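Notebook open. I'm going through this one for confidence and then salt bridges.

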Amino acid sequence: SVVLRRAASAEGLGAKLGSSAAFEAKFELLEHIGRGAFSVVRTCRDRETGREYAVKSIDARPLRLRSDFSARRLLREASILSRLEHPNIVAFYACYEGPESLRL
């Protein structure tokens with residue numbers, strides 16, 4: 001992938017990556033919940049179970065233009081979230097990469 005290049009060793013950070021095609025096959029994107037500087041949060045529905053989740057899509061295009069861009073830093077958020085368990089913090093389920101974005 002242009003964004004992360006699996007050579008960034010996502011699995012070494014504790015983040016297993018699925019593909020953008022796998023995300024689109026598994027989930028249906030629904031309404032927007034919020035927006036940040038480089039990301040958009042939307043609800044999505046598991047096509048098989050009907051269960052709804054929140055998905056954060058991080059746009060990597062502006063980040064790649066920075067001289068200090070690092071795919072490992074971009075995956076750090078997924079790695080940290082994958083280790084957290086707290087009733088007041090949204091649970092992390094999966095990470096999917098596309099040509100221009102990362103979905104958590």
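Over which residues does pLDDT stay under 50? I found residues 1-13, and the model has 34 contacts there beyond four places in sequence. (pLDDT is the predictor's confidence in each residue, from 0 to 100; a contact means heavy atoms within 4.5 Å.)

Ground rules: this is a predicted model, so I take local features at pLDDT of at least 70 and side-chain atom pairs at pLDDT 80 or more, while totals for chains, interfaces and linings use all residues. Residues are numbered from 1 along each chain as its sequence is written, and side-chain values use heavy atoms, with hydrogens and water left out.

Next, salt bridges (a side-chain nitrogen of Lys or Arg within 4 Å of a carboxyl oxygen of Asp or Glu). I get three by this rule. Aspartate 46 pairs with lysine 26 at 2.9 Å, N to O. That links strand β3 (residues 39-46) to helix α1 (residues 20-26), the two residues being 20 apart. (Helices are DSSP runs of H or I, at least four residues; strands are runs of E, at least two; both are numbered from the N terminus.)

Buried or exposed? I checked aspartate 46: buried, at 4% relative accessible area. Lysine 26 is partly exposed at 37%. (Buried is under 20%, exposed over 50%, partly exposed in between, with a 1.4 Å probe and protein chains only.)

Arginine 45 meets glutamate 28 at 3.4 Å and glutamate 52 at 3.0 Å. I note that shared partners join Glu28, Arg45 and Glu52 into one network.
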